[in-house]
Amino acid sequence: MKSPRKLLAAVLAGVLAIAGAGWFLSTRLRSPADEAARRMPPKASLVTAAVERRTLVSTVAVNGTLEYGSPFPITLAGVVGGPAELQRATRAPRQGRLREGGVLMEVNGRPVFALRGKVPMHRTVAPGTEGDDVEQLQRALRRLGFGAPVTGVFDAATVAAVTRLYAKGGYEAQRPALADRQALDTLRKAVQTAKETLALEQRALDQGRDVLPLKIKLGNAEDELRAAESALEEAEDGRLTPEDQAKADAADSAVRAAEEKLLEAEQALAEANRPAPTPSPSPGADTRLLELKVANAGAELDSARRARDRLAEESAQARMKRLRELRTAVRTAQEGLVTAEQALRHARQVSPAKLKVAHAKKDVAAASALLSEFLRTFGTSIPPGEVVFLPALPARVHKAKVKAGQMVEDEVATVTSSSFMVSGSVEPGEAGLLREGLKASIELDSGQTYPATLSAVGDKAKVPGEEAPPQGNRPVLITPESMKGLKGLSGTAVAAKVTVGATDEPVLVVPVAAVVTAADGRARVQVETAPDRTREVEVRTGLTADGQVEVSGDLKEGDRVVISGA
């Protein structure tokens, strides 16, 4: 039989077991109402964000490639020394920096110089050549310190400057070939032969008839005409003869003497008529004699003046008569000269040797014209292929397209600028925010950033030397401010950011989603004042960047604005 204590313990354990089982079942079993309540969504609450104060910077992102900028293909404009059918590269272009006045390559042992200019080389520049390309060449020579007048004409001074350019590079300027020198000698001999023939024919014509008296007459007529023209020129100058000048001087002296005599008489009469300082009992002085002297002096002055005027009139009439006589003498001398020339010409034309002389003169003129035309382009020249003009120098030879020993036919090299550029594209909407000169930054995969500048924004056409941008996008070029740290990274994909706007100082900003434009067109935000309670605040918006917008109004830092709510 069990003891009462053990029985009590067993009963108590059973009660506890039943109670535990009931509790377990109560946690697992729910009524339909409880189950429905458990599955209901929680009560909606407001989603808010804090108003912050910070500097806002708006940027446009550009993904592109870091490359040397402004690729430019080079093709030679023509021959480089030697025959045109054999143009072989003897030194290929070398990658690296190319300065103005440097030698890009050699063809047939001749140099190809690189000069700065926009007008392409397109012809042989020889003595006498004129044009914009020659002026461009002269400016390049002056920049390089070789000196040349900027006239646009390839003259002797420019030839000397070109010779110094070649000599500094260890070459000789292109001088006339042997065939050209032989042609020049032949042309000179032809002119000399034609002149000798003309002299012989002229001598034969002169000896064929007596033209010496006619030549003398012609010479005398020429002398007479010169003398008559000289005398007429002196007379027209208005110079008086010594005799006429003496008469004019005597007439002027007589007038001056009469003027002095009249003045003395008038002064004496005035002195006699002046009242005495104290009353005098004597009767007044007799002034009749003085008055008579004044009248006589006046008459003498009038007479002297009439004599001078009469002399001037006679001199003028004599001068006019003399001019008429001299002009008549000039016309007579001219007629005599024409008559003498016609007589001599007629005497020569009737000679049987006249036709030979005329033909000999034509031969001299033709030979001289050929020689002059040849000399106009004879001398040191620049073959069209020995200079390439590039838009900008120094440049960088990016790739050589011909090797030493190969024939030069097409493109020989590609040059670029010596600075890096990032080429990329942006969407049309973002392109409207961009303008040249905006600050930018370039970021490598390592996270290193470099300051840069937006240097170009193109249209939908491709940027020269770059791949065409995606349809509708606008190409852009971004230039680093320094090459430091970027050398050796050509062809690397980089990310760039162009700063299109920034606040001058920290401002209040909220998420863009917090700003709502009401029906009246004004922007507002909802500010949380208590849990599930808000108030509307009218704001003015400013710069937008990175999902945030600048606002001003009845807000302060730390306020919470509603982004979305129940």
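Modeller: D133 and R123 form a salt bridge, their closest N and O atoms lying 2.8 Å apart. The term means a side-chain nitrogen of Lys or Arg within 4 Å of a carboxyl oxygen of Asp or Glu. The pair links distant parts of the chain, 10 residues apart: D133 is in helix α3 (residues 132-143) and R123 in the loop between β8 (110-116) and α3. Helices (H or I, at least four residues) and strands (E, at least two) are DSSP runs, numbered from the N terminus.

Biologist: What kind of model is this, and how are residues numbered?

Modeller: It is a predicted model, in which local features need pLDDT of at least 70 and side-chain atom pairs count only at pLDDT 80 or more, while totals for chains, interfaces and linings use all residues. Residues are numbered from 1 along each chain as its sequence is written, and side-chain values use heavy atoms, with hydrogens and water left out.

Biologist: Is D133 buried or exposed?

Modeller: Buried means under 20% relative accessible area, exposed over 50%, and partly exposed in between (1.4 Å probe, protein chains only). D133 is buried, with a relative accessible area of 4%, whereas R123 is partly exposed at 27%.

Biologist: How many salt bridges does a search of the whole structure find?

Modeller: The search finds 18. One of them joins E557 to R53, with the closest N and O atoms 4.0 Å apart. E557 lies in the loop between β21 (548-553) and β22 (560-564) and R53 in strand β2 (residues 52-54), so this pair ties together parts that are 504 residues apart in sequence. R53 is partly exposed, at 43% relative accessibility.

Biologist: Which residue forms a salt bridge with K261?

Modeller: The partner is E300, and the closest N and O atoms are 3.1 Å apart. K261 sits in helix α7 (residues 242-273) and E300 in helix α8 (residues 288-349), so the pair links distant parts of the chain, 39 residues apart. Salt bridges that share partners also join D520, R524 and E536 into one network.

Biologist: Now the strands. Which strands pair with β11?

Modeller: Two strands pair if DSSP finds at least two bridges between them. Strand β4 (residues 72-75) pairs with β11 in the antiparallel sense over 4 bridges, and P73 has T414 in β11 as its bridge partner. Strand β10 (residues 395-400) also runs antiparallel to β11, joined by 5 bridges, with A395 opposite S417.

Biologist: How many residues of β11 are buried?

Modeller: In strand β11 (residues 411-417), 6 of the 7 residues are buried, so the strand is largely enclosed by the rest of the structure.
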